[in-house]
Amino acid sequence: FDDFDPKYEEIYYNKLHPDDPTATDYDRVDKIIRDSFDSIPTKTVYVDDTPTRKQYKQKQKRKKSQKKIPTVDLSIVFQLLRNVVKVYDEKLATLIPDTTIEARSILEAGGRENFISNHRSVDWITSNGICVDGLVAGPSTISKEKGVFASRDTAVGDIITTAPVLAIEKRGDLDLENRLHCIGAPVKGISLCPLSLASEIQNGLSEGCDIKNQECPNNKANAKLQWSSFNLRNKNLDSILKEEFIQRPFPGFTIDVIATRSIQQGEELFIDYSVYESFSLKGDYQ
């Protein structure tokens, strides 16, 4: 987040992730795991540490090291702890491991904060994953601000990237809304702001355009915003109340950046934000 200004960073962490685990949460879970292992009997096993002959040409003396392993499967214990803790602290409960193997892996990784669990296979990610690497940042070609450029060639109609949106309450901070390129929501008083590099795409609408009569010969727009078709939550946008947006500023909706013409790698992206002041569920903001 070194590229984001402090004001945006504050919004991202305080509003988008209010329930993120804290350092204290990680420490508490690490203590739960360590205490759980310490509370059950263990047995000593000997592990053969002798180097293989494929690694060494000459014979090596056989070496064995001691290792203590639990004699009881803690999986049931961890599941019970998770259910009990969930009543008092749901965020902390999500950090408690499900199995003994996962708990041991957490300790070997140096703690819960350093442990990354990937329950999806590479094949699943390849089939169901969404590419979000279609953008790169750089100095804009039309202003002194940061611009966003295509990281690869893109054909007309292709998805350049997908971005989640942040819901913010309109309180007269037009500078913030313009900087994040927020767009109209179906609820009065709420704006939806694309996140990641999508929020940095410059406005392709040049000064002097007659928006009312749709006359703008120098419009540089080469991309548009469109609801992500894969995200079923987008279909519920028109039923969300203002209070729900305020309570959950990261509602799970996503927007695609679509190429409106062929775009070459390294070309700067522009969007005509003047057409996104009203809301539509027909795919585009029209």
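Predicted model: local features only at pLDDT ≥ 70, side-chain atom pairs only at ≥ 80, totals over all residues.
Reader: Which residues point which way from E10?

Author: Thr254, Asp256 and Ile258 point one way. Ile255, Val257 and Ala259 point the other way. All are buried.

Reader: Which strands pair with E10?

Author: Strand E5 (residues 159-169) is joined to E10 by 5 bridges, and the two run antiparallel. Strand E9 (residues 223-227) also pairs with E10 in the antiparallel sense, over 5 bridges. Two strands count as paired if DSSP finds at least two bridges between them.

Reader: Which residues stand opposite each other there?

Author: Pro164 has Thr254 in E10 as its bridge partner. Gln226 stands opposite Asp256.

Reader: Now E7. Buried or exposed?

Author: Buried: 5 of the 5 residues of strand E7 (residues 190-194) are, so E7 is largely enclosed by the rest of the structure. Both faces are covered, with Ile190, Leu192 and Pro194 on one side and Ser191 and Cys193 on the other.

Reader: And which strands does E7 pair with?

Author: E5 and E7 are joined by 5 bridges and run antiparallel. Ala167 has Leu192 in E7 as its bridge partner. Strand E6 (residues 183-184) pairs with E7 over 2 bridges, also in the antiparallel sense. There, Gly184 is partnered with Ser191.

Reader: What about the hairpin of E6 and E7?

Author: The hairpin has 5 residues between the strands. Gly189 takes a positive phi near 90° there.

Reader: Switching to cysteines. How many disulfides?

Author: The count is 1 disulfide, taking a pair of cysteine sulfur atoms within 2.5 Å as the rule. Cys182 and Cys193 form this disulfide, with their sulfur atoms 2.0 Å apart. Cys182 lies in the loop between helix H7 (174-179) and E6, and Cys193 lies in strand E7, so the pair ties together parts that are 11 residues apart in sequence.

Reader: Which hand does it have?

Author: The torsion about the S-S bond of Cys182 and Cys193 is about 95°, so the disulfide is right-handed.

Reader: Are those cysteines buried or exposed?

Author: Cys182 is buried, at 17% relative accessible area. Cys193 is buried as well, at 0%.

Reader: Next, salt bridges. How many?

Author: The whole structure has 8 salt bridges. Each is a side-chain nitrogen of Lys or Arg within 4 Å of a carboxyl oxygen of Asp or Glu.

Reader: What does Asp89 pair with?

Author: Asp89 meets Arg28 in a salt bridge, 3.6 Å from N to O. Asp89 lies in the loop between helix H3 (75-88) and helix H4 (90-93), and Arg28 lies in helix H2 (residues 23-38), so the pair ties together parts that are 61 residues apart in sequence. Arg28 is partly exposed, at 40% relative accessible area.

Reader: And Arg261?

Author: Arg261 forms a salt bridge with Glu267, with the closest N and O atoms 2.5 Å apart. Arg261 is partly exposed at 35%, and Glu267 is partly exposed at 22%.

Reader: Which residues do shared partners join into one network?

Author: Asp25, Arg28, Asp89 and Lys91, through salt bridges that share partners.

Reader: Last one, H5. Which residues are buried?

Author: In helix H5 (residues 100-108) the buried residues are Thr100, Glu102, Ala103 and Ile106. They cover an arc of only 165° around the axis, which puts them on the same side of H5. The arc is that of the directions from the helix axis to the C-beta atoms.

Reader: What sits on the face turned away?

Author: The exposed residues Ile101 and Glu108. H5 is followed by Gly110, which has a positive phi near 95°.

Definitions and conventions:
Residues numbered from 1 in each chain as written. Heavy atoms only, no water. Buried < 20%, exposed > 50% of the residue type's maximum accessible area, 1.4 Å probe, protein only. Helix = DSSP H or I, 4+ residues; strand = E, 2+ residues; numbered from the N terminus.
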